[in-house]
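This report covers backbone features, a helix pair and pockets. The structure comes before the details.

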Amino acid sequence: MSERRLYLDAGVGETRGVVTLDGKPERLLIRRDEEDLRLALGARLVGRARRVDASIGAAFIDLGDGAEAILPFKPGERPVEGSSLEVEIRSEARHAKLAVLRLVGEGQGAPRLLDPPPPLREQLAALVRNARIVDGADARRMADAAQAEALQTLHALPGGGVLAIEPTRALTALDIDLGDRKGADAKRVTRQVNLVAIAEAARLLRLKGLGGLVVIDLVGRGHDGTALLAAARLAFAPDNPGVALGPISRFGTLELTIPRRAPPLRDALCDEYGGLTDRALAQMLIRRLEAEAHANPGGRLAARAAPDVATAAGSLAAKLAGIVGARFTIEADAKLARERFEVAAA
């Protein structure tokens, strides 16, 4: 039987929640202090129907202070332009896509936030009932491991083989490779690799926060469609409701759709070129400084980082000083690569 555990890393400027499946990261939730909670999953608001477009069956809802989201509606449920509505964030915004709303009922007054989304501790508890939430150093290590794995493209499969996961604008493509795994019974080996890869694909897609159309390029030929689809239904069951599976195609691919509820983790951690953002790197620098400060109580520390990263770490450094004391400095060093920073005793 599969075992899931919960971890909560409450850091400076950022809180990370992790769900593990049999010891491996399955979900990573990140909430930053500066995040606009009005657009976070589960937030409840009053909005005003700014524009209603019957041709696409959706209304554009003004949430106040320049925020906007889209509300799909069925025939006969068309809202009136200018009306106030009580809504809930059903799917968060992502690159070039507005957040999607669920209609709660009629609203009163100006657009505003009614109820923020639950804190990460409550979200974790809802994902795995009656599980103890681990804090502290173990949670920090697990969150770091989850973040590192979520940003990888190539993933080694248990027993051998490699799974590549590459999101595009249109879909997420997965490719299964046997690697060095060989056997006398090629059909048995490929079947086993495909079954393992489907289970790993489900876990990793949840970890990366990827949804929408997914295409898995299976290894081998002459697939046992019944067994593979049964494995996929079981593996992707935690993503329900809303998962839809297609039959194994004559090209040896398995296609499915997964509901998009939160933006991909890369949206929060990476820039448009795939590198870590200054904010993400600054967060890593602050975690490193915090660890060194706890390991060296009372000692003074000096950190060096690329200029943009050092600047991004400014507000976080002020918060860290409130915890460990103002006994560290962060110096901008144009000679350092963005992904590199140094922390040492002063």
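## Backbone features

Asp22 sits in the loop that links β2 (14-21) to β3. Its phi is near 50°, a positive value in a residue other than glycine. Asp22 is partly exposed, at 48% relative accessible area. Buried means under 20%, exposed over 50% and partly exposed in between, with a 1.4 Å probe and protein chains only. Asn130 also has a positive phi, near 60°. It is in the loop between α1 and β10 (133-134). Asn130 counts as exposed, with 86% relative accessibility.

Asn240 and Pro241 are joined by a cis peptide bond, with omega about 0°. Pro241 belongs to the loop between α4 (225-235) and β15 (244-245). Helices (H or I, at least four residues) and strands (E, at least two) are DSSP runs, numbered from the N terminus.

## Basis of the model

The model is predicted: local features need pLDDT of at least 70, side-chain atom pairs count only at pLDDT 80 or more, and totals for chains, interfaces and linings use all residues. Residues are numbered from 1 along each chain as its sequence is written, and side-chain values use heavy atoms, leaving out hydrogens and water.

## Helix pair

The axes of α2 (residues 136-150) and α3 (residues 186-208) come within 9 Å and cross at roughly 105°. Axes are lines fitted to C-alpha atoms, for helices over the stretch in contact; angles run from 0 to 180 degrees between N-to-C directions. The two helices, α2 and α3, are therefore roughly perpendicular, a class that spans 65 to 115 degrees.

From α2, Ala146, Glu149 and Ala150 meet Arg203, Leu204, Leu207 and Lys208 of α3. Contact means heavy atoms within 4.5 Å. The contact residues of α2 with α3 divide into 4 nonpolar, no polar and 3 charged. Ala, Val, Leu, Ile, Met, Phe, Trp, Tyr, Cys and Pro count as nonpolar; Asp, Glu, Lys and Arg as charged; the others, Gly among them, as polar.

## Largest pocket

The largest pocket holds about 1,300 Å³ of space. Of its 41 lining residues, Leu41, Glu92, Arg261, Ala262 and Pro263 are closest to the centre. A pocket is an open set of points on a 1 Å grid over the protein atoms alone, where a 1.4 Å probe fits, with protein on both sides within 12 Å along at least five of seven lines; lining residues have an atom within 4 Å of a point. Volume is the space filled by probe spheres set on the points, which are joined across faces, edges and corners.

β3 gives the most to this lining, with 6 residues.

Key: Parallel < 35°, antiparallel > 145°, perpendicular 65-115°, else oblique.
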